[in-house]
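Have the structure open as you read.

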Amino acid sequence: MTAGASRHLQYPSELCDVICASVYSSCLQPSEPSLDPLIQKDYGAPTALPSSLPGSSWPEPVARQTLANLCLVNHVWYQAAKPWLWTKVEVRLPVTWLSLVEEIAWDYDEETVDTVMENTIKAAAKAAVSSRSATSRNEEEQRLEESILETFGGPDSSIAPELLSPVVSRDPSPRRLRPKSKSPARWKLIRSISNAIQNVLEQREPGLYVPTPNDPRPGRFIRHLDFNHFRTIGMRRSIDEGVHSRFVTGDRVEAVLKEMPSLTAFGATEYMDGALTLPVLNELFLRGAPSRGRGRPCRGRGLVCDTHDADHEEEDRERRRECRDLEAVDLTGCVSAVFVNALTEFVNTHLLPQADAETSDVEVESNDRSSHRSRVRFLEEPLTIPGLQRLGLRGVKSIVPRILAPFVLAFPSLTHLDLSGTRVTPDILLSLGESPTVRLKSLALARCVRLTSASIKTLLIESQVTVDLRELNLYGDATFSTDLVESDLREILVKAPCFTSEQMVYLDLSSAPLTRDILKLFRAQPKLRSLGLSHIPNLELKAITEFVKAKAPNVEILTLVGTSPELDCGLRPVPPGVQRGSARQSSVALHTQLIRPLCTPPFSFSLTTSASSTPAAPPTYLRVIELSTTMLAGLGAGAGAWRIIKSKGGRGWYVDTASGWVAQLGFGKGSELRRDLEPDHPFRIEMEKLSQANGNVTSGVGWHARKMEVCCCRLFEFEQFSDPSSEILHGHGMLGREDGLYGAASFAHQG
């Protein structure tokens with residue numbers, strides 16, 4: 001052994017845990033994210049926030065590679081880095097998904113329960129003996145192993161109660177595995193055996209330290225699982241193979257979820273929503289607190305189940321009790337019949353009163369006394385899921401209001417809610433506004449055609465749910481415009497706490513009946529960074545300029561798709577005798593009436609110059625403007641440093657490539673918004689590359705997201721770096737940065 005290797009072995013495990021936790025946290029986005037697309041190249045160490053270049057965090061591949069290299073140093077570093085390396089798992093390819101299932105799920109035919117028990121007891125005995133100095137270690141280890149086997153009855157049959165509960169107590173534990181369980185979760189079995197061995201050895205030899213038995217399966221470390229990048233397009237599979245030979249099936253997802261007791265975030269897409277069966281939804285939403293009730297059974301139709309099914313349900317509930325509560329779920333675009341039917345059955349079984357559930361499904365026997373007792377208990381103890389804080393249902397348009405209402409209202413701790421493009425009704429908003437516990441920070445109701453102006457006004461003005469709201473998306477377009485009327489909009493701007501508190505950071509009122517007079521009713525919004533004012537054809541450009549300059553000078557992104565008669569490029573019908581505009585006139589109006597007043601420093605003249613004097617700053621932070629495709633075509637190659645950057649879909653932005661949040665390296669300063677970046681500055685070069693790509697970019701390129709980000713990993717606080725459970729998931733809401741299918745919904749699609 002070399003001297004370097006011996007020095008590595010001298011590092012305490014706690015120090016290795018802290019280092020690995022710091023490596024993992026270095027790639028997570030901060031609480032104040034940059035609004036620009038992520039730049040993956042290395043331009044130096046992360047600096048103050050917000051910062052686009054150098055980035056506010058290290059690229060995720062760099063952190064993962066660092067953790068992977070640490071796993072190769074020695075066993076101590078391997079044990080420290082492995083939990084963080086498996087914390088976040090993104091499924092991208094079918095072959096990686098199959099490998100993940102093989103690595104995490106327990107194949108009972110390949111490795112039986114008896115084998116795992118026997119190997120665990122042997123490992124525990126060996127670890128216990130090795131912690132002491134003994135002359136004949138092998139003999140002592142054998143005697144201790146035999147003693148444990150004799151005490152617990154051995155692993156040659158089904159799991160004995162003595163193995164999971166000390167002999168002297170004999171008290172039945174509600175958390176132990178049932179003896180008849182043929183398919184327990186591996187982590188639950190290892191944990192139960194470890195606890196039992198610790199108790200027995202403590203009775204035999206008090207003070208003896210026994211390490212936790214090692215479990216090679218990494219499922220217990222995973223806290224984030226999503227299928228954002230998963231797709232099977234381009235694999236040359238036939239229709240029959242796509243229907244009958246799916247990669248992501250409900251059984252595989254259920255088997256994986258059972259081995260993830262620490263899972264707190266889950267993301268699904270339309271490419272795998274056929275695997276979201278009822279058992280999968282049960283594994284997701286019934287883990288943690290929902291299974292820690294006062295022994296209440298799962299609520300079906302009140303039918304009498306046989307003993308085997310009842311035992312199986314009891315085992316599942318006991319296993320879920322020891323799982324962490326789910327904190328974030330993203331079901332964007334899930335519309336398959338399998339998912340809709342599964343969610344309907346889940347709501348009918350667990351959330352709806354028994355009488356309502358029976359009227360929507362097949363008739364059942366009503367004379368059964370146990371059914372009556374179950375119904376009474378349900379009405380007294382409605383099922384709630386208190387752990388979930390962020391819920392994304394964008395585009396889940398196949399769920400009827402009768403199912404959507406109890407599902408959304410079952411989460412009393414929501415802070416982020418995206419209901420864009422769903423069948424949400426005024427009654428659902430009314431019930432949500434009456435919640436005494438929900439305190440939303442981010443709310444998206446874009447293109448919700450069933451909502452009324454009065455329901456939105458009531459929620460924003462009279463409800464305590466939206467008092468702390470910081471992000472509001474009421475986007476509407478020419479096809480699905482918002483239902484807000486002018487009188488209600490005036491009241492909202494004057495009375496709603498989310499507007500009067502002056503804490504708004506993201507706001508989209510596209511297609512709302514905004515006028516110059518209504519804009520004057522706005523309170524100053526000094527923290528507003530992204531503003532959507534699209535599809536308001538009669539709002540003058542000068543009124544927008546006056547509003548941004550006086551009320552929201554820190555706005556960096558402004559959307560004006562289909563807004564203002566000055567930007568119609570001559571496409572709008574005009575009365576007879578009135579000269580029709582042109583693309584050239586719209587381009588001139590954009591620069592003279594909006595860009596120059598808001599993005600150009602005021603003119604100053606002095607006969608005396610001083611070296612210490614600094615030039616005046618522009619009146620606002622505006623640097624990105626979203627425009628229609630016709631308007632962008634009229635702008636040509638842009639003017640000055642302004643360039644056109646297109647998304648992977650139909651959206652496009654007019655961007656000042658010479659402006660960005662950059663750090664002044666070597667001057668001891670933090671990040672600042674510069675308007676005069678040199679042509680060879682790295683940030684300007686990257687923006688120029690995006691402009692030259694002409695839409696041939698990744699789905700994560702864009703500004704002013706239309707989809708709420710709810711499943712981003714972020715280290716919120718560390719109480720113990722050695723414990724990955726101190727890491728929680730934090731969503732950045734409408735200011736989040738996503739790619740893959742979620743990125744397409746955020747930046748590529750118009751709606």
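His-535 sits in the loop between β10 (530-532) and α23 (541-551), and its phi is positive, about 55°, although it is not a glycine. This is a predicted model, in which local features need pLDDT of at least 70, side-chain atom pairs count only at pLDDT 80 or more, and totals for chains, interfaces and linings use all residues. Residues are numbered from 1 along each chain as its sequence is written, and side-chain values use heavy atoms, with hydrogens and water left out.

**Backbone geometry**

- Most residues other than glycine have a negative phi, and most peptide bonds are trans.
- Ser-511 also has a positive phi, near 70°, in a residue other than glycine.
- Ser-511 is found in the loop between β9 (506-508) and α22 (516-519).
- With 13% relative accessibility, Ser-511 counts as buried (under 20% relative accessible area, using a 1.4 Å probe and protein chains only).
- The peptide bond from Leu-53 to Pro-54 is cis, with omega near -10°, and Pro-54 lies in the loop between α2 and α3.

**The α2 and α3 pair**

- Helices here are DSSP runs (H or I, at least four residues), and strands are runs of E of at least two.
- Helix α2 (residues 13-25) packs against helix α3 (residues 60-70) at about 160°, with the axes 8 Å apart.
- That angle makes α2 roughly antiparallel to α3 (over 145 degrees, on a range from 0 to 180).
- Cys-20, Val-23 and Tyr-24 in α2 meet Ala-63, Thr-66, Leu-67 and Leu-70 in α3 (contact means heavy atoms within 4.5 Å).
- The residues of this contact comprise six nonpolar, one polar and no charged.

Definitions and conventions: Parallel < 35°, antiparallel > 145°, perpendicular 65-115°, else oblique. Nonpolar A, V, L, I, M, F, W, Y, C, P; charged D, E, K, R; others polar. Buried < 20%, exposed > 50% of the residue type's maximum accessible area, 1.4 Å probe, protein only.
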